[in-house]
Amino acid sequence: MSGAWADLLCGPDLTKMRRRGNRGIVTQASFRSARSKIASLDEVASRVAAARQAGQSVALANGCFDVLHVGHVRYLEAARGQADVLVVGVNADESVRSLKGPERPILPEADRAALVAALRAVDHVVIFREADVTRLIQTLRPDVHCKGTDYTAETVPEREVVRACGGRVAIVGDPKDHDTRSLFARVRG
């Protein structure tokens, strides 16, 4: 085996990998590893400030993302459609336990953050320990705060904080036909 296929299958330095043809070229400039997208709130705030200086708009989405499924992907892709840059807040383990119960999360916060960060639609990921994203909104001041279709604009808990920071709320994603709890029920039979 040689050439591009050998590189693809044998784990090349991804910053040097190039794909040719209709799919374009992946270079160091266009490829970002999941790890490079995960940062502290202070670091993400700095990245958001740089994006704003470049004239880009910012969206914030958040969730537990415990066992990533198609509903999560559609939610985050739709959130990215609301702005130039998408920041995702991932609930820390203790926050998930308080929201979902003592047997959750299934995956630890670092793994959940890495899975979310691996999605092309996501630019930055921050793990947050609070019960809600008020602190993230106040720090990042997103142009739009995106919530899934299990909410309405009137039921988003942080809606007043978003408005006070000059942003708007957007309900995005497909109908709430998928959730982790139902997925577990199907697996358990």
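**From values to terms**

Modeller: Let us begin with His-124, which is buried, with a relative accessible area of 9%. The model is a predicted one, in which local features need pLDDT of at least 70 and side-chain atom pairs count only at pLDDT 80 or more, while totals for chains, interfaces and linings use all residues. Residues are numbered from 1 along each chain as its sequence is written, and side-chain values use heavy atoms, with hydrogens and water left out.

Colleague: Why is His-124 called buried?

Modeller: Buried means under 20% relative accessible area, exposed means over 50%, and partly exposed lies in between (1.4 Å probe, protein chains only). His-124 has 9%, so the term buried applies.

Colleague: Where is His-124 placed, and which residues does His-124 touch, not counting those up to four places away in sequence?

Modeller: His-124 is in strand 3; strands are DSSP runs of E with at least two residues, helices are runs of H or I with at least four, and both are numbered from the N terminus. A contact means heavy atoms within 4.5 Å. Leaving out residues up to four places away in sequence, His-124 touches Arg-32, Lys-37, Val-44, Arg-47, Val-85, Leu-86, Val-87 and Val-88.

Colleague: Why is strand 3 described as largely enclosed by the rest of the structure?

Modeller: Strand 3 covers residues 124–128, and four of its five residues are buried, so the strand is largely enclosed.

Colleague: What makes Phe-65 and Tyr-75 a stacked aromatic pair?

Modeller: A search of the whole structure finds one aromatic pair. Phe-65 and Tyr-75 form that pair, at 6.4 Å centre to centre and with 20 degrees between the planes. Rings of Phe, Tyr and Trp (its six-membered ring) pair if their centres lie within 6.5 Å; planes under 30 degrees apart count as stacked, over 60 as edge-to-face and the rest as tilted.

Colleague: How do you know that the buried residues of helix 4 line one face?

Modeller: These residues are Gly-71, His-72, Tyr-75, Leu-76 and Ala-79. Seen down the helix axis, they fall within an arc of 125 degrees, so they line one face of helix 4. The arc is that of the directions from the helix axis to the C-beta atoms.

Colleague: What makes Asp-66 and Arg-104 a salt bridge?

Modeller: A salt bridge is a side-chain nitrogen of Lys or Arg within 4 Å of a carboxyl oxygen of Asp or Glu. The closest N and O atoms of Asp-66 and Arg-104 are 2.8 Å apart, so the pair qualifies. The pair links distant parts of the chain, with Asp-66 in the loop between strand 1 and helix 4 and Arg-104 in the loop between helix 5 (93–100) and helix 6 (109–117), 38 residues apart. Asp-66 is buried at 1% relative accessible area, and Arg-104 also counts as buried, at 10%.

Colleague: How many salt bridges does the structure hold?

Modeller: The structure holds 10 salt bridges. One of them joins Arg-74 and Asp-174, with the closest N and O atoms 2.8 Å apart. This pair links Arg-74 in helix 4 to Asp-174 in the loop between strand 5 (168–171) and helix 9 (180–188), 100 residues apart.

Colleague: Why does Arg-74 count as partly exposed?

Modeller: Arg-74 has 38% relative accessibility, which lies between the limits for buried and exposed, so partly exposed is the term.
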